[in-house]
Amino acid sequence: AITAAQAVADNDDATVAEVTEAITNLSDAIANLESIKLDTSALVHEIELVNKMLANIDNYVPSSVEGLADKLADAQNVLENATTQAEIDEATKMLREARLNARTKADTSALEEIIAYVNSLNLAGYTAESRNMLDRTIVAVKRVLADPEATQEEVDQAVQTMQTAIDGLQLVEN
């Protein structure tokens with residue numbers, strides 16, 4: 001309709017009927033335009049979830065949330081400026097993958113408790129060899145405790161290792 005109307009407008013010999021028809025066709029075309037409704041609900045949901053994650057970012061393994069804020073900003077930009085459903089779907093997919101790749105930090109409370117317990121023990125009545133073994137074990141498990149990337153499995157194993165060292169303490173024979 002635009003192309004036809006432009007041709008009539010450019011034609012110095014156009015009749016009143018041709019001009020009227022071009023105007024009518026343009027008006028009809030405008031009236032029949034359909035508004036495209038983009039479905040942003042999934043993207044909005046992902047943005048809300050990632051915002052909550054970022055509010056509690058210290059609960060996550062740092063390497064697993066690296067760049068998450070940038071991905072959130074990109075997704076918000078798409079939400080505000082997208083013109084196609086494909087753009088919205090791609091941003092949703094990217095943000096969902098980033099969210100699902102985030103790992104929560106391991107619960108180290110049991111490891112902290114067993115280390116505190118060992119530190120409270122009076123080791124004077126135990127053999128030097130078994131105390132040394134316990135000391136080496138404490139050093140090793142404290143490395144696990146200090147590692148922000150430690151998995152729950154590694155923390156649980158450190159607790160078990162510490163318990164084994166405690167169980168291995170041997171009393172000095174009189």
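Author: One definition before we start: helices here are DSSP runs of H or I with at least four residues, numbered from the N terminus. Going by that, Thr 137 sits in helix α7, which covers residues 128-146. Keep in mind that this is a predicted model.

Reader: OK, staying with Thr 137, buried or exposed?

Author: Buried. The cut-off for that is under 20% relative accessible area, and Thr 137 has 8%, so it qualifies.

Reader: And what does the side chain of Thr 137 have a polar atom 2.8 Å from?
Author: The backbone oxygen of Met 133.

Reader: What does Thr 137 touch, not counting residues up to four places away in sequence?
Author: Thr 161, Met 162 and Ala 165. Met 162 turns up again elsewhere, as one of the α8 residues in the contact between α6 and α8.

Reader: Let's do that pair, then. At what angle do α6 and α8 pack?
Author: Helix α6 (residues 109-120) and helix α8 (residues 152-167) pack at about 20 degrees, and their axes are 9 Å apart. Angles under 35 degrees count as roughly parallel, so α6 is roughly parallel to α8. The crossing of the two is left-handed.

Reader: Which residues make the contact?
Author: From α6 you have Ala 110, Leu 111, Ile 114, Tyr 117 and Val 118. From α8 there are Val 155, Ala 158, Val 159, Met 162, Gln 163 and Ile 166. By class, the contact has 10 nonpolar residues, 1 polar and no charged ones.

Reader: Now α3 and α4. Roughly parallel or antiparallel?
Author: Roughly antiparallel. The angle between α3 and α4 is about 150 degrees, with the axes 10 Å apart.

Reader: Which residues in α3 and α4 meet?
Author: On the α3 side, Leu 43, Val 44, Ile 47, Val 50, Asn 51, Met 53 and Leu 54. On the α4 side, Leu 68, Ala 69, Leu 72, Ala 75, Gln 76, Val 78 and Leu 79. Sorted by class, that contact has 12 nonpolar residues, 2 polar and no charged.

Reader: What about the loop between α3 and α4? Where does Ser 64 come in?
Author: Ser 64 lies in that loop, between α3 (41-55) and α4 (68-81). At 15% relative accessibility, Ser 64 counts as buried. Its side chain reaches the backbone oxygen of Val 61 at 2.7 Å. Leaving aside neighbours within four places in sequence, Ser 64 is in contact with Asn 101, Ala 102 and Arg 103.

Reader: And Val 61, buried or exposed?
Author: Buried, at 0% relative accessibility. Val 61 is in the loop between α3 and α4 too.

Reader: What is Val 61 in contact with?
Author: Setting aside neighbours within four places in sequence, Arg 103, Thr 104, Lys 105, Pro 148 and Glu 149.

Reader: Last one: where is Asp 12?
Author: In the loop between α1 (2-10) and α2 (16-31). Asp 12 counts as exposed, at 76% relative accessibility. From Asp 12 to Ala 98 it is 86 residues in sequence and 61 Å in space, C-alpha to C-alpha.

How values were computed:
Residues are numbered from 1 along each chain as its sequence is written. This is a predicted model: local features need pLDDT of at least 70, side-chain atom pairs count only at pLDDT 80 or more; totals for chains, interfaces and linings use all residues. Side-chain values use heavy atoms; hydrogens and water are left out. Buried means under 20% relative accessible area, exposed over 50%, partly exposed in between (1.4 Å probe, protein chains only). A polar contact is a pair of N or O atoms within 3.5 Å; within protein, one must be able to donate a hydrogen and the other to accept it, and residues adjacent in sequence count only if both atoms are side-chain atoms. Contact means heavy atoms within 4.5 Å. Axes are lines fitted to C-alpha atoms, for helices over the stretch in contact, and angles run from 0 to 180 degrees between N-to-C directions. Angles under 35 degrees count as roughly parallel, over 145 as roughly antiparallel, 65 to 115 as roughly perpendicular and the rest as oblique. Ala, Val, Leu, Ile, Met, Phe, Trp, Tyr, Cys and Pro count as nonpolar, Asp, Glu, Lys and Arg as charged, and the others, Gly among them, as polar. A crossing is left-handed if the near helix is turned anticlockwise from the far one by less than a right angle, and right-handed if clockwise.
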